[in-house]
Number of protein chains: 2
Amino acid sequence: MPGDEGPRRRRGEGVDLVHALLREEILDLVRAPGSPIDEIHLAQRLFMSRTPVRAAIVRLASEGLVTVLPNRSAIVSTVDLVNLRPFLEALTLMHRVTARLAAERRTEADLAAIRVCQARFTRARSVRDRAIADRELHAAIAGAGRNPYYTTLLCRLLDEERRLWCLHPSTVDPHPEGMSQHEALLAAITSRDIAQADHLAQAHTLHLRTALAQDLRRHPPF
Amino acid sequence: MPGDEGPRRRRGEGVDLVHALLREEILDLVRAPGSPIDEIHLAQRLFMSRTPVRAAIVRLASEGLVTVLPNRSAIVSTVDLVNLRPFLEALTLMHRVTARLAAERRTEADLAAIRVCQARFTRARSVRDRAIADRELHAAIAGAGRNPYYTTLLCRLLDEERRLWCLHPSTVDPHPEGMSQHEALLAAITSRDIAQADHLAQAHTLHLRTALAQDLRRHPPF
DNA sequence: TCCTTAGAGTATACATACAGTATTCTTGTT
DNA sequence: AACAAGAATACTGTATGTATACTCTAAGGA
C-alpha cells in the first residue's frame with residue numbers, strides 16, 4: 001500500500017502530514033466532534049501504514065483535539081457547553097496578558113510581522129480564512145510578548161475558538177468591528193500603551209462573549 | 001522478549017507504564033537534561049517492544065519533557081536559563097489566578113482534598129517528596145478553581161519547577177516558611193478572601209524567585 | 001596538520017504480522 | 001416478537017522486520 005501512490009515521501013514527514021491534515025479537518029468541523037477516527041481507513045487514504053497515523057493521533061490527543069478511548073477508536077474531542085465558561089475565562093486572560101507583554105516588549109520586527117498578519121486578515125473573505133488569519137495575528141502578538149507558555153496556551157484556545165466560530169458563524173460573519181478592534185490594539189502595542197492594550201484585549205473577548213450568547217439564544221442547541 | 005518476564009501486563013497499560021517511568025526519571029534528574037533516550041534499551045529493560053516506548057516518547061514530547069530530533073534519538077529537554085524569566089512569569093500568573101479562583105469557587109469537598117495534600121506535604125521529609133507533595137497541593141488548589149486550562153498549565157510549570165529544585169536543592173532544603181505560606185494561603189481560600197489569596201500566591205513565587213537568584217549567585221552554573 | 005569525504009555501523013521511521021478486545025450479527029429461547 | 005447468548009467481524013494494541021538517515025571513524029588530498 002505505501003508505495004502504491006504518492007511521490008515517495010521523505011522519511012520523517014509522514015507523521016507531520018497526517019497531523020496537519022487531521023488538525024485541519026477537525027478545526028474545520030469536517031470531522032464532527034465525537035466522531036470516531038479509523039486508523040486503517042485513514043492510513044489507506046494517505047497511502048501509508050498505521051504507524052505514523054497512530055503517532056499523529058497521540059500528538060493530537062495531547063493537544064486536546066482528540067480523545068482516545070482505551071481499546072476503542074479515538075474520537076474527535078467534543079465541544080462541551082460546560083467547558084464554555086473556563087474557555088472564555090482563559091481566553092480573556094491570555095489575550096490580556098499577551099497584549100500587555102506585546103506592548104511592553106515588541107520590537108520593530110515584531111510590529112512588521114504583526115502588520116503582515118493584519119493585512120492578511122483584512123484580505124480574508126471566508127469565515128474560515130478570517131478565523132485562520134485571526135489566529136495568526138494573535139499568535140504574532142503573543143510572540144512579541146516573548147513568553148512561549150502564554151503563546152502555546154493562547155494558540156490552543158484560538159484553535160478551539162475556530163471550532164466555535166464554525167459552529168456559530170454569525171458571530172464572525174459580518175465582523176465589522178473586528179478590524180477596527182485590531183487596528184486599535186495594534187496602535188496601543190505600537191505606542192507601548194500597556195493599559196490601553198489590556199483594555200482592548202478585554203473588549204475583544206467581551207465582543208466574542210456577547211456575540212456567542214446572542215447566537216446561542218437565536219439558535220439554541222436543543 | 002516481551003513475554004520473558006513481567007506479570008503479563010494488561011493490554012493498553014504498557015504505554016502508561018513507560019510514560020510514568022520516563023516522567024519520573026526526567027523530573028528526578030536521573031536522566032540528565034540533554035541526554036538521549038534509547039528506545040531499544042528502554043524497551044528491553046521493560047520487557048516490551050519498541051512500539052509502546054515510542055508512543056510514550058511522543059506523549060512526553062507534546063508535554064515538553066523531551067525533544068525529538070528528526071531522524072535522531074529523542075533527548076531530555078534542557079533546562080534553559082533564557083527560559084527562566086518567562087517560566088517564573090507564567091508560574092506567578094498561574095499561581096495567582098488559580099488561588100483567586102479557588103478562593104472564589106471552592107467547595108467543602110475541595111477544602112478537604114486540599115487539606116489532605118497539605119498534611120502529606122508536612123509529612124514529606126526528602127526534597128523529592130516535598131516537591132511532589134507541593135505539586136499535588138497546588139494542583140488541588142487549581143482544581144478547586146474549576147478551570148482545566150489553568151490547571152494543566154500550572155501542573156506543567158510545577159513539573160519544571162521540580163527539576164529546578166533538584167538542580168538547586170538549597171532553595172527548598174530548609175523550607176521553614178513554605179509551610180506557613182501554605183497555611184496562610186489555605187486560610188485565605190477557606191475564608192474566600194480573594195485579594196489575600198492573590199497576595200499570598202504572589203509572595204509564594206517571589207520566595208522561589210529570590211531563593212533561586214541567591215542560589216545562582218552562590219553556585220553559578222559556569 | 002587540517003579539512004574533506006567515503007564507508008561501516010547504529011538507531012530511527014515506517015511497514016506489516018499477530019493477538020486481544022469491543023461491537024455486531026445471528027440464532028435460539030421464552 | 002423481544003431478549004439473551006454465542007459466534008463472527010473489525011479495529012486497536014503490541015511485536016518485529018526492513019530500509020533510510022545520521023554518526024563516527026578513518027583514509028586521502030590540499
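This is a predicted model: local features need pLDDT of at least 70, side-chain atom pairs count only at pLDDT 80 or more; totals for chains, interfaces and linings use all residues.
Figure 1. A:Cys117 takes part in no disulfide, and the nearest cysteine sulfur, that of A:Cys155, is 11 Å away. A disulfide requires two cysteine sulfur atoms within 2.5 Å. In chain B, the closest cysteine sulfur to that of B:Cys117 belongs to B:Cys155; the separation is 11 Å, and therefore too far for a bond. A:Cys117 is buried, its relative accessible area being 10%. B:Cys117 likewise counts as buried, at 9% relative accessibility.

**Figure 2. The open sheet of chain B.** In chain B, 3 strands make up an open sheet of order 1-3-2 with antiparallel pairing. Its edges are strand 1 (36-37) and strand 2 (66-67) of chain B, each of which pairs on one side only. Strand 2 of chain B is joined to strand 3 (residues 74-76) of chain B by 2 bridges, in the antiparallel sense. One residue pair can be followed in the close-up: B:Val66 has B:Val76, in strand 3 of chain B, as its bridge partner. In general, the strands of a sheet pair through backbone hydrogen bonds, in either a parallel or an antiparallel arrangement.

**Figure 3. The open sheet of chain A.** The sheet of chain A is open, with 3 strands in the order 1-3-2 and antiparallel pairing. Strand 1 (36-37) and strand 2 (66-67) of chain A are the edge strands, and each pairs on one side only. Between strand 1 of chain A and strand 3 (residues 74-76) of chain A there are 2 bridges, and these strands run antiparallel. Within this part of the sheet, A:Ile37 stands opposite A:Ala74 of strand 3 of chain A.

**Figure 4. Packing of helix 1 against helix 3 in chain B.** Helix 1 (residues 14-27) and helix 3 (residues 50-62) of chain B have axes that come within 8 Å and cross at roughly 50 degrees. Helix 1 of chain B is therefore oblique to helix 3 of chain B. The crossing of helix 1 of chain B with helix 3 of chain B is right-handed. On the side of helix 1 of chain B, the contact involves B:Gly14, B:Val15, B:Asp16, B:Val18, B:His19, B:Leu22 and B:Arg23. These residues meet B:Pro52, B:Val53, B:Ala55, B:Ala56, B:Ile57, B:Arg59 and B:Leu60 of helix 3 of chain B.

**Figure 5. Packing of helix 1 against helix 7 in chain B.** Helix 1 of chain B also packs with helix 7 (residues 148-167) of chain B, at an angle of about 45 degrees and with the axes 9 Å apart. This angle makes helix 1 of chain B oblique to helix 7 of chain B. From helix 1 of chain B, the residues B:Arg23, B:Glu24, B:Ile26 and B:Leu27 meet B:Asp159, B:Arg162, B:Arg163 and B:Cys166 of helix 7 of chain B. The phi angle of B:Leu29 is near 65 degrees, a positive value in a residue other than glycine.

**Figure 6. Packing of helix 4 against helix 9 in chain A.** The axes of helix 4 (residues 84-105) and helix 9 (residues 194-218) of chain A cross at roughly 155 degrees and come within 8 Å. Helix 4 and helix 9 of chain A are therefore roughly antiparallel to each other. Their crossing is right-handed. Helix 4 of chain A contributes residues including A:Leu84, A:Leu88, A:Leu91, A:Thr92 and A:His95 to the contact. Among those contributed by helix 9 of chain A are A:Ile194, A:Ala197, A:Asp198, A:Leu208 and A:Leu216.

**Figure 7. Two partly exposed residues of chain A, A:Phe47 and A:Glu136****.** A:Phe47 lies in the loop between helix 2 (39-45) and helix 3 (50-62) of chain A. Its phi angle is near 55 degrees, a positive value in a residue other than glycine. A:Phe47 counts as partly exposed at 28% relative accessibility. A:Glu136 belongs to helix 6 (residues 127-144) of chain A and counts as partly exposed at 35% relative accessibility. A distance of 29 Å separates the C-alpha atoms of A:Glu136 and A:Pro36, which are 100 residues apart along the chain.

Technical notes
Residues are numbered from 1 along each chain as its sequence is written. Chains are lettered from A and ligands numbered from 1 in the order in which they are written. Side-chain values use heavy atoms; hydrogens and water are left out. Buried means under 20% relative accessible area, exposed over 50%, partly exposed in between (1.4 Å probe, protein chains only). Two strands pair if DSSP finds at least two bridges between them. Helices (H or I, at least four residues) and strands (E, at least two) are DSSP runs, numbered from the N terminus. Axes are lines fitted to C-alpha atoms, for helices over the stretch in contact, and angles run from 0 to 180 degrees between N-to-C directions. Angles under 35 degrees count as roughly parallel, over 145 as roughly antiparallel, 65 to 115 as roughly perpendicular and the rest as oblique. A crossing is left-handed if the near helix is turned anticlockwise from the far one by less than a right angle, and right-handed if clockwise. Contact means heavy atoms within 4.5 Å.
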